[in-house]
Amino acid sequence: CGSFTFYLSRCSSLTILGSREIGEIEPELLSLEIDTGACPLLPTPTFPENCDVDARRAFDSDTPEDALGWDRVTFQFDRNPAGTTVDDFLVTVLPEEAPPAIIDIQQVGVVTLILTFDRSISTEHWTCIKHLPSARVACVGSLPVDVDQSLLSVQTDIEALFPNLDRDDALPDFRCDVDRSLRCTSLDILEAVDLLNGALSLPWNDSMIETTCPSDSSAIFRNPGAEDRGACCNVTLGTCSEDVTFDDCTAQAGAWSSGAPCCAAACTASAGSCCVEATGSCMDNVGFTSCRGGGETWTADASCDAVECGLPRGACCNSALPSCANNLLESQCQRSGERWTEGATCGEILCNPG
């Protein structure tokens, strides 16, 4: 959504851009501007994350009929979601059954909403929450003992607990705190064994969630990880590097394209202002590589009027006309009848004839 400018380049074996109405757009074209309309709110689930599965005991140990588990989901939006209502969301459950109802929406801070259900999500099911204005979907599941998030509860899940006991960097609580003690300890292993063997309920061994996570939004909701690599464009220099992680690219203020080769990444050097500190002179619309001389300072995406360039500037009043000009050096205000005032604007001085 919004307005975008596409910079097209030739890249073998890749389709750059296309349209059902006008067919394939040739990559030799110059930049193409597209306005796709107003932007809806864009949510990202903050907890649980999209496709997380709650591996903890799904019932109270003393009263097995009392369901436990996630009964709320927190969403973070790209801007203030004020005015969002229950009608902006659709809850579904897979395999299909009656979904929980959203009974409360609470705004926390500027961009965060907490959605509360009327009951905990069902075990062996996915509960999916769709934000209707943006069409984004986040799904969360529940399957006791599914520590490794394989959607199957088996003996190997117990093995996955061992490296994560009594450690600060343990798995998240929803994966290793099987007994709901608020800590990942050896007691969670005993609890997992009991659950797989059927203590206080039907045995959970070989229980499963039959379908994979049905959300088609995992790429949208997931932040790029260390294993994700792509092209990194240095817009300052107009250079491109391949096989770069998102973190390494952003550390150098680059523009990152997931899984892309350099020939598919728009990598045009930015233009800006070039200031010669010694003289106070400044040039607009200059590339970084053209402003590397001694005493030259380059500022990306800025005009000379927006930067301080070496020598002081001020207002220049020509009392003979009368007229006044802003942001001039003293050397630019030396003609007959001109008077220069350092650091001032024309609105701050009197510029009368005579």
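Student: Cys 128 and Cys 139: buried or exposed?
Tutor: Both Cys 128 and Cys 139 are buried. Keep in mind that this is a predicted model.

Student: What do Cys 128 and Cys 139 form?
Tutor: A disulfide, with the sulfur atoms 2.0 Å apart. The angle about the S-S bond is 110 degrees, and the link is right-handed.

Student: Which parts does the pair tie together?
Tutor: Cys 128 sits in strand S11 (residues 125-131) and Cys 139 in strand S12 (residues 136-142), so the link ties parts 11 residues apart in sequence.

Student: How many disulfides does the structure hold?
Tutor: It holds 9 disulfides.

Student: Next one. What joins Cys 274 to Cys 291?
Tutor: A disulfide, S to S 2.1 Å. Its torsion about the S-S bond is about 85 degrees, so the disulfide is right-handed.

Student: Where do Cys 274 and Cys 291 lie?
Tutor: Cys 274 is in strand S18 (residues 271-276). Cys 291 is in the loop between strand S19 (281-287) and strand S20 (296-300), so the pair ties together parts 17 residues apart in sequence. Cys 274 and Cys 291 are both buried.

Student: And Cys 316, what is it joined to?
Tutor: To Cys 333, by a disulfide with S to S 2.0 Å. The torsion there is about 85 degrees, so this disulfide is right-handed.

Student: What relative accessible area does Cys 316 have?
Tutor: 5%, so Cys 316 is buried. Cys 333 is buried too, at 4%.

Methods. Residues numbered from 1 in each chain as written. Predicted model: local features only at pLDDT ≥ 70, side-chain atom pairs only at ≥ 80, totals over all residues. Heavy atoms only, no water. Disulfide = S-S within 2.5 Å. Helix = DSSP H or I, 4+ residues; strand = E, 2+ residues; numbered from the N terminus. Buried < 20%, exposed > 50% of the residue type's maximum accessible area, 1.4 Å probe, protein only.
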